[in-house]
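Biologist: Before we look at particular regions, could you take me through this model piece by piece, giving each term its cut-offs as we meet it?

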Amino acid sequence: MHKALLYLSEHSKYYQRMFDKYEIDVNKIQHLEDLVKIPFTEKKDLQIFNEDFLCCPKEKIIDYITTSGTLGDPVTFACTEKDLQRLAYNEKKSFECAGLHPGNILQLMTTIDKRFMAGLAYFLGIREMGASIIRVGNGIPELQWDTIKRIQPDTIMCVPSFILRLIQYAEDHGIDYRNSSVKRIIGIGEGLRDQDFNLNLLGRKIREKWDVQLFATYSSTEMGATFSECEYGMGGHVHPELIIVEIIGEDDLPVPDGEVGEVVVTTLGVEGMPLLRFRTGDMCAKRVEQCKCGRWSYRLTPLVGRKNNMIKLKGTTLYPPAINDVLDNTEYVENYCIYVSENESGTDDVEVKIGLKYDTPFDPVKDLKDKFRARIRVAPRVTVLPKEEIQKINFPAKSRKPVKFIDLRHK
Ligand SMILES: [Zn+2]
């Protein structure tokens, strides 16, 4: 950690300014507990002072990457040769955690270009490990199944919800997917488990159809590190040599282990754009007890939600995924959208608009409110609309992802 701070004080314009302004002597930051003396780095800082975060001459940059910022413009990231090696090491260790060895064949169902870091990092990790990779890219179930038939991969890496499309395609086209070569799926970008480490609805839907091993991962460009589940699926294991994670509460101080807070990261060994106490906006908890796999490295629980989506409803703190979970598990709900707004007293108002799969013999509004009270202790307002209308809200012309959460609050 001291090395990382020293590096920033020598090479980062942004952090040099911060250390000056707050009179921080990096030599006095010796222990993890001392980190609290340093201000956080926010996503918007990356956006406003983007160039000042770069710690090396541009000639040393091999790969340029962008991530979406909070203020509109994307943020540029840069990887040096050393950073690419670090990424390779990170993914190799994550793949090992998911049980991969030299000799395994992984079919990559995510894009490797489009200015993303992830796909490239997976490729580098597989190469580092000495396993094999097939870079099919995202989408196109037909091409995915053709590749599975030809090359017989044992592992798939993709966004988990895409698996449902793969299964659907296989069922529609008489492909015997249950007896295919695929035995393991590594999910990216979406959770597969709840806070008790049981499979969530998406995980269960996949497993009911297909008896494969499921692994969830958590990572981001800013972290340059991955938290990957082991075969016991008890949270994502950290690689402590690559990253420091603090879990920060609403008072901006670390919470006790096991409690939910915001993930704040400090990268270690990054040359191009290292970050110090970067607020990710992701909410989860740290688990420090020994894992069933024998590893002592701490784990992060599946994400509870995003900090800026946090809702305070009648004195209870909750996140949209908790509301989604109730609706996703209600048989007669065809589709829905959650609206959050501010009321006059400054607290949050939540309205859930639902479309029905069929007419229920009981009052669906009352039934849903009871379900909400049972599961999340409070009940939002519920309105029933024609499902076609909800469909239009879920899939507006410009959006690639379905819209299920609309935040009308002023922040
Ligand atoms: Zn483990």
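**Helices, sheet and loops**

Biologist: Which residues of helix 7 are buried?

Modeller: Helices (H or I, at least four residues) and strands (E, at least two) are DSSP runs numbered from the N terminus. Buried means under 20% relative accessible area, exposed means over 50%, and partly exposed lies in between, with a 1.4 Å probe and protein chains only. By that criterion the buried residues of helix 7 are Pro160, Phe162, Ile163, Leu166, Ile167, Tyr169 and Ala170.

Biologist: Why do they count as lying on the same side of helix 7, and what arc do they cover?

Modeller: The arc is taken from the directions that run from the helix axis to the C-beta atoms. These residues are on the same side of helix 7 because the arc they cover around the axis is only 160°.

Biologist: What pLDDT do side-chain atom pairs need in order to count?

Modeller: This is a predicted model, in which residues are numbered from 1 along each chain as its sequence is written, and side-chain values use heavy atoms, with hydrogens and water left out. Totals for chains, interfaces and linings use all residues, whereas local features need pLDDT of at least 70 and side-chain atom pairs count only at pLDDT 80 or more.

Biologist: Which elements are included in what covers the buried residues of helix 7?

Modeller: Contact means heavy atoms within 4.5 Å. Beyond the helix, Gly174 follows with a positive phi near 65°. The cover itself includes helix 6 (141-151), strand 5 (155-158), strand 6 (184-187) and helix 8 (201-209).

Biologist: What does Ser180 contact, leaving aside its neighbours within four places in sequence?

Modeller: Ser180 sits in the loop between helix 7 and strand 6, and its relative accessible area of 11% is why it counts as buried. With those neighbours left aside, its contacts are Trp145, Ile148 and Trp210.

Biologist: Against which elements do the buried residues of helix 5 pack?

Modeller: Helix 5 (residues 118-129) has 12 residues and reaches 16 Å from its first C-alpha to its last, close to the 16 Å expected. Its buried residues are Gly119, Ala121, Tyr122, Leu124, Gly125, Ile126 and Met129. They pack against helix 4 (81-97), strand 3 (105-108), strand 4 (132-135), strand 5 and strand 7 (213-220).

Biologist: What is the order of the open sheet of four strands?

Modeller: Two strands pair if DSSP finds at least two bridges between them. Strand 20 (381-384) and strand 21 (405-407) are the edge strands, each pairing on one side only. With mixed pairing, the order is 20-19-18-21.

Biologist: Which residue of strand 19 stands opposite Asn335?

Modeller: Strand 18 (residues 333-342) and strand 19 (residues 348-356) are antiparallel and share nine bridges. Within strand 19, the residue opposite Asn335 is Gly355.

Biologist: What angle does helix 11 make with strand 18?

Modeller: Axes are lines fitted to C-alpha atoms, for helices over the stretch in contact, and angles run from 0 to 180 degrees between N-to-C directions. Helix 9 (residues 320-328) packs on the sheet, touching strand 18, strand 19 and strand 21, and its direction makes about 155° with that of strand 18. Helix 11 (residues 387-394) lies across strand 18, strand 19 and strand 21, and its angle to strand 18 is about 60°.

Biologist: Is Pro380 buried or exposed?

Modeller: Pro380 is found in the loop between helix 10 (364-376) and strand 20. Leaving aside neighbours within four places in sequence, it is in contact with Leu313, Val350, Val352, Lys369 and Phe372. At a relative accessible area of 1%, Pro380 is buried.

Biologist: Which residues have the most contacts inside the largest nonpolar core?

Modeller: A nonpolar core is a set of buried Ala, Val, Leu, Ile, Met, Phe, Trp, Tyr and Cys residues joined through side-chain atoms within 4.5 Å. The largest has 49 residues, and those with the most contacts inside it are Tyr15, Phe19 and Val245.

Biologist: Is Glu23 buried or exposed?

Modeller: Glu23 lies in the loop between helix 2 (13-21) and helix 3 (43-48). Its phi is near 50°, a positive value in a residue other than glycine. With a relative accessible area of 72%, Glu23 is exposed.

Terms used: Expected span 1.5 Å × (residues − 1).
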